[in-house]
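Let's take a walk through a protein together, starting with the whole chain and then zooming in on a few spots. Open the view below and follow along.

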Amino acid sequence: MGLVLGAGGVVGAAWLIGALEALATETGWDPSSADFVVGTSAGSVVGALVADGIAPEYLAAYSSGRTLDEVDDVDGRVARLAARVGGPEKLDEVAERMTGDALRLQLAPPPIGPGSWRLAINTLRHPRRHAPSAMLAGWLPRGFVSTRPISDLVETFVAGEWPDHPNYWAIAADYRTGERVAFGREDAPRASVGPAVASSCAIPGFYHPVAVDGRRYVDGGVCSMSNLDLLAGRDLDLVICLNPTSSLAELAGGTPAERVGGLVRGLSGRRLGREARKLRAEGTELLLVQPSEEDVVGMGLNLMARGRRVEVMERARKTTALALRELRGSGRLMPERNRRRGTAAPRARQRAAGGSRRGRGGGGAAGRRAA
């Protein structure tokens, strides 16, 4: 089974946490037990913490500013995490940083001209090889905000150099070539989790690019907001994809900003659809979870709007839970309760429980929001 968490900025991260909490609550499935966890940008942050065994319920508590006293530690994870960072009091202090309010300027020469001349020229020479977002990324000026708070946050919660998971990937883009890089995969440059996740989050024109092993990297959303197709060829029964930047909800907006927002969601959704077809062609069942109309309205157009985090997260929890309940009894393959990593059920039993694996895939939530 695979878990794919898409890009979406601060607001998208809040939506991911709420949707993941609903998924875990409604199915009893532990997201950290997925055989593959793939995260892009905001999804790489949430994915790193989930892959290291931090439950969505705890992420939601930390993000909304709740204390340990308000979280039921039924399996001892909170106690272990508290011990790791220096005690319950320290953990509550660290939890406040999940709000992501800290922005720091990057000490570097002023960003003048294209951020990456090589990428800008490369996309001009070979426009069909690159997504429009990659072309834009090269021409935008270099970002001026430091990604250090992002790497500090992840390194605080993840004990070692990498999450305790055999297949956690943080997706970034090479700032010279525009090619996708899946940090954590065998063919990727070696990197610890802090720089890898920071690279995946380095939005061109906003965040300063991140150097890893002598090369610079930027947000993996430059290549794809979802990167679902990276799990093609992995012979998986079920892949769950949560993608904050797409939606099947058709919202009529008259302002230029609303039209741009609709265009972005449309592009993200079409890319997600193409990636989904690759996996379905291999017989992989998909559960695609996307924001509902109610979610999209609440998320707004500014995905870096920190003041909306708690509201977005709580709404995503509610809408995703309702949608998953609609899926029950539909014959679609769903994650199994208390599933352990590396113990996937035989395909014959999976099909008997969930119907044809070549079906159109799950909705995300629930049919009406499936790509």
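What share of the 371 residues of the protein chain counts as buried? The figure is 55%, where buried means under 20% relative accessible area, exposed means over 50%, and partly exposed is in between (1.4 Å probe, protein chains only). Keep in mind that this is a predicted model, where local features need pLDDT of at least 70, side-chain atom pairs count only at pLDDT 80 or more, and totals for chains, interfaces and linings use all residues. Residues are numbered from 1 along each chain as its sequence is written, and side-chain values use heavy atoms, with hydrogens and water left out.

The protein chain has 13 helices and ten strands. Both are DSSP runs numbered from the N terminus: helices are H or I with at least four residues, strands are E with at least two. Now for contacts, meaning heavy atoms within 4.5 Å. Take those between residues at least 6 apart in sequence: 77% of them join residues at least 24 apart.

Next, find helix α1 (residues 9-27) and helix α2 (residues 42-51), whose axes come within 8 Å and cross at roughly 40°. Axes here are lines fitted to C-alpha atoms, for helices over the stretch in contact, and angles run from 0 to 180 degrees between N-to-C directions. That angle makes α1 oblique to α2; under 35 degrees would count as roughly parallel, over 145 as roughly antiparallel, 65 to 115 as roughly perpendicular, and the rest is oblique. Who meets whom? From α1 come G9, A13, L16, I17 and L20, and they meet A42, G43, V46 and V50 of α2.

Helix α8 (residues 148-157) is mostly covered, with seven of its ten residues buried. Among them are I150, L153 and F157.

Let's finish with the aromatic rings. There are five aromatic pairs in the whole structure. Rings of Phe, Tyr and Trp (its six-membered ring) pair if their centres lie within 6.5 Å; planes under 30 degrees apart count as stacked, over 60 as edge-to-face and the rest as tilted. W162 and Y168 have ring centres 5.5 Å apart and planes at 45°, so this pair is tilted. Y168 is buried, at a relative accessible area of 0%. F206 and Y207 pair edge-to-face, with 4.8 Å from centre to centre and 85° between the planes. F206 is partly exposed at 23% relative accessibility, whereas Y207 is buried at 6%. Ring pairs also link F144, F206 and Y207 into a cluster.
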